[in-house]
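Colleague: Before I use these labels, I want to see what backs them. Please take me through the model and set each term against its cut-off.

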Amino acid sequence: MNVPIRRLATVVLVMFLALMAATTYYQFFQADKLNNDGRNVRTLYRQYGVFRGPIVVDGKAVAQSTPVDDPFKFQRKYADGSLYAAVTGYYSLVFAPTMIEASENSVLNGTADELWMQRLRQLFTGEQQQGASVELTIDAKAQKAAEQALGDQKGAVVAIEPKTGKILALYSSPSYDPNKLAGHDTAQANKNWQKLLNDDGSPLTNRAIQGDTYPPGSTFKLVTSAAALETGDYTPDTVIPAPHTLKYPGSNKPLTNFANEVCSPSGKMTLDAALEMSCNTAFAGLGVKVGEDALREQTKKFGFDTPLSIPMTVTESHFPKTADTAELMRASIGQGNDKVTPLQVAMISAAIANGGEQMAPYLVDTVRDSSLRVVSQTSPSTLRTSVSQHTADELKSMMEDVVRSGTGTAAQIPGVTVAGKTGTAENTPGQAPHAWFTGFAPADDPKVAVAVIVEHGGQQGAEGTGGATAAPIAKAVMQAVLNG
């Protein structure tokens, strides 16, 4: 072979090796990157060409895929979209999925490891690949009651089954229709997205578990009470100071009670009575007496400052490190830099209702493959012991008094003993306080624990309180669960 031919053969060989190397690099090492590139239309066709499993509530599909005559083959449809948006989220051509559509994506699209047998069966039988169905713990009647009772007010409702941790209702208002983001007309989907982003009500924010956390107001007095009772130095009958006003150290500004009320003519009252009428001065002083370390430890026992997934990631609630006694006084009554989600507040009540054992909250009950065989089922599990059984019983009795004759009478249900706590939380200067209620029923055998927040007093504005505004909403949700 002469020199020119050898050179040509070498060049050709190098070119073949370069081609093989490039092919290997892009098909193997860059495969995931290319498949996940949003510009890769083939990936979208492949994803949408698979029948995505339904999301089910009480036997009804609230999200499902239906065949359509376009290159994507299937269209995601949401029944009662705005009612369940805080739970289902959306699955979109344009935007990343959210909520259950995101957290259970691999199950819904059939690629999860636990569905390998289904994929193997479909491979041998030639069946089209299908995703699994996800059955939720949501109680449809409780969810509807939350929507109707909250109405067009900004806020959120969460209901939990105390003995198991099942989330029975999870609603955020204002809501939105996921169908407007799931359509295959990308231009229209983008237009709808911008409209939602520009909405003053921030409907895309899931107020129940994410977004901006809230000051808990007087619902935090349950935590302060628990910390005091757990020391063994206090009982519900312990008499504590309850002055008309309480001065912040180093300041002439006084801490007062709601509407400048006098808690007790004598300036003293029992811990039980202080919770019943939600006396600020009594609990500010009690928090200082118990101490920051004990309060912080109690918040952790209820789940503050701890990661949580339901399976969606929940924003952590937070108890602040206080700089001085004045800050500790405010933190002890749920003001200052205390921040919570409505789910966290519901978990506090659920733990008390369950004898001090806090169960892990969860939304996914059962996953079934395309043949309706159970792939996985969530078993209730204990997260932590929040308080002792004795303390839980004492708190339960005190919360019963709140609803029986205190600030929470609007939560009373005929023939049922309800335990609860109201809250009215100052927030943005110049705006009305948030209205809170949390509690559970029946108190002697709890079936549901609930937390309600109505931002800025809702329709009642500055006149709105936890007892007047939030308690009736909680009552409606609890009744929906109890009436089945």
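Modeller: Start with the largest nonpolar core, which has 100 residues. I310 and L343 have the most contacts inside it. Helix α16 (residues 342–353) gives the most to this core, with nine residues. A second, separate core has 28 residues, including A159, A169, V403 and M478.

Colleague: What makes a set of residues a nonpolar core?

Modeller: A nonpolar core is a set of buried Ala, Val, Leu, Ile, Met, Phe, Trp, Tyr and Cys residues, joined through side-chain atoms within 4.5 Å. Buried means under 20% relative accessible area, exposed over 50%, and partly exposed in between, with a 1.4 Å probe and protein chains only.

Colleague: And what are the ground rules for the model and the numbering?

Modeller: This is a predicted model: local features need pLDDT of at least 70, side-chain atom pairs count only at pLDDT 80 or more, and totals for chains, interfaces and linings use all residues. Residues are numbered from 1 along each chain as its sequence is written, and side-chain values use heavy atoms, with hydrogens and water left out.

Colleague: Which residues does L343 touch, leaving out those up to four places away in sequence?

Modeller: V158, I160, I167, A208, I209, L308, I310, V314 and P361. Contact means heavy atoms within 4.5 Å.

Colleague: Why is Q344 called buried?

Modeller: Its relative accessibility is 5%, so Q344 counts as buried. Q344 is in helix α16. Beyond residues up to four places away in sequence, Q344 touches F302, G303, F304, S317 and Q358.

Colleague: What counts as a helix or a strand?

Modeller: Both are DSSP runs, numbered from the N terminus: helices are H or I with at least four residues, strands are E with at least two.

Colleague: Is R330 buried, exposed or partly exposed?

Modeller: Partly exposed, because R330 has a relative accessible area of 29%. R330 is in helix α15 (residues 325–332). Setting aside neighbours within four places in sequence, R330 is in contact with Y248, Q335 and G336. R330 and V288 are 42 residues apart in sequence and 9.8 Å apart in space, C-alpha to C-alpha.

Colleague: How do α13 and α15 pack?

Modeller: Helix α13 (residues 280–290) and α15 pack at an angle of about 120°, with axes 8 Å apart. That makes α13 oblique to α15. The cut-offs: under 35 degrees is roughly parallel, over 145 roughly antiparallel, 65 to 115 roughly perpendicular, and the rest oblique. Axes are lines fitted to C-alpha atoms, for helices over the stretch in contact, and angles run from 0 to 180 degrees between N-to-C directions. On the α13 side F283, A284, G287 and V288 meet T325, L328, M329 and S332 of α15.

Colleague: Why are α11 and α17 oblique?

Modeller: The axes of helix α11 (residues 221–230) and helix α17 (residues 389–405) come within 10 Å and cross at roughly 140°. They are therefore oblique to each other. L222, S225, A226, L229 and E230 of α11 make the contact with T391, E394, L395, M398 and M399 of α17.

Colleague: What makes two strands a pair?

Modeller: Two strands pair if DSSP finds at least two bridges between them. Strand β2 (residues 60–67) is joined to β3 by five bridges, and they run antiparallel. T66 stands opposite Q75 in β3. Strand β14 (residues 364–368) and β15 pair in the antiparallel sense over three bridges. T366 has Q377 as its bridge partner in β15.

Colleague: In what order do the strands of that open sheet lie?

Modeller: The order is β3-β2-β1-β4-β14-β15, six strands with mixed pairing. The edge strands are β3 (74–78) and β15 (374–377), as each pairs on one side only.

Colleague: Why is L372 called exposed?

Modeller: Because its relative accessibility is 59%, L372 counts as exposed. L372 lies in the loop between β14 and β15. In that hairpin, with five residues between the strands, L372 takes a positive phi near 70°.
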